[in-house]
Amino acid sequence: GWNKYAFRQAAKVIQKEKITRVITTSPPHSTQLVGLRLKKRFGVEWTADMRDPWTDLYYYPVLGHTRWSAARDRVLERQVLIGADHILTVSDGLKDLFIAKDTAVNEDKIHIVPNGVDMNYFKAKESEKSIDLLFTGNMSYPPNVITAEYICKEVLPIIHAKHKDIKVVIAGANPSPRVQRLASSFVRVT
């Protein structure tokens, strides 16, 4: 629903500032439709930054799409993948997934910018007794709550055994009270 407003504001900025390149990032994937429309209207060079799969997202089936809306999503996804001048994604697996969507998707325009960390930072910190962890992402869908609970039950105890002072920041949307309780049972949660 917000796309028409986003498009309208972006159009004003493009015209006023003479913008020639646009980057859109998702999720939400509807953002990519704004980029597609801006490219068609203004001829801007458009980079679609797709951090997650669209129709292959692991919780997509629980979102309650009708057959028509799921089919429409697949069409829109292909239009974005074909229409973008450049596509950024986070892994070889996602690149392969996007290439497989349509023979018209040019693999040369897909570039990988992995999520990651500077391992030198961790090497320098190995001797320290404290560690800060940040849990981000949308935790409002059941699979993500399960993931957060798994981290709290299985991963944090292992880290806690080596690093007694752990600070966990839960920055994801809608963390359940259960996740907060599990995390706070042996670490400081902010």
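Reader: In which helix is asparagine 3 found?

Author: Since this is a predicted model, the answer describes a prediction. Asparagine 3 belongs to the helix that covers residues 3-17, and that helix is H1.

Reader: Is asparagine 3 buried or exposed, and which residues is asparagine 3 in contact with, leaving aside its neighbours within four places in sequence?

Author: Residues under 20% relative accessible area count as buried. Asparagine 3 has a relative accessible area of 19%, and therefore it counts as buried. Once its neighbours within four places in sequence are left aside, the residues in contact with asparagine 3 are Ser30, Thr31, Leu33 and Val34.

Reader: Where is confidence highest in the protein?

Author: The protein averages a pLDDT of 82, and 71% of the residues score at least 70. Confidence is lowest in strand E7, residues 188-189, at a mean of 48, whereas the highest value, 97, belongs to E2.

Reader: Which elements give two or more residues to the largest nonpolar core?

Author: The largest nonpolar core has 15 residues, and those with the most contacts inside it include Trp46, Met50, Val80 and Phe98. The elements that give two or more residues to this core are strand E2 (45-50), helix H3 (67-83) and helix H4 (92-99).

Reader: How many residues are in the second, separate core?

Author: Among the members of this second core are Phe7, Ala11, Ile14 and Val34. The ring of phenylalanine 7 also has the charged end of arginine 37 sitting over it, 3.7 Å from the ring centre. As for the size of this separate core, the number of residues is 9.

Reader: Does arginine 51 count as buried, partly exposed or exposed?

Author: Arginine 51 lies in the loop between E2 and H3. The range for partly exposed residues lies between the buried limit of 20% and the exposed limit of 50%. Because its relative accessibility is 23%, arginine 51 counts as partly exposed.

Reader: With which side chain does the side chain of arginine 51 make a polar contact?

Author: Not counting residues up to four places away in sequence, arginine 51 touches several residues, including Thr25, Pro27, Leu94 and Asn115. Although proline 27 is 24 residues apart from arginine 51 along the chain, their C-alpha atoms are separated by 6.9 Å. The polar contact of the arginine 51 side chain, at 3.0 Å, is with the side chain of aspartate 49.

Conventions
Residues are numbered from 1 along each chain as its sequence is written. This is a predicted model: local features need pLDDT of at least 70, side-chain atom pairs count only at pLDDT 80 or more; totals for chains, interfaces and linings use all residues. Side-chain values use heavy atoms; hydrogens and water are left out. A nonpolar core is a set of buried Ala, Val, Leu, Ile, Met, Phe, Trp, Tyr and Cys residues joined through side-chain atoms within 4.5 Å. Buried means under 20% relative accessible area, exposed over 50%, partly exposed in between (1.4 Å probe, protein chains only). Helices (H or I, at least four residues) and strands (E, at least two) are DSSP runs, numbered from the N terminus. Contact means heavy atoms within 4.5 Å. pLDDT is the predictor's confidence in each residue, from 0 to 100. A polar contact is a pair of N or O atoms within 3.5 Å; within protein, one must be able to donate a hydrogen and the other to accept it, and residues adjacent in sequence count only if both atoms are side-chain atoms. A charge sits over a ring if NZ of Lys or CZ of Arg is within 6 Å of the ring centre and within 35 degrees of the ring normal.
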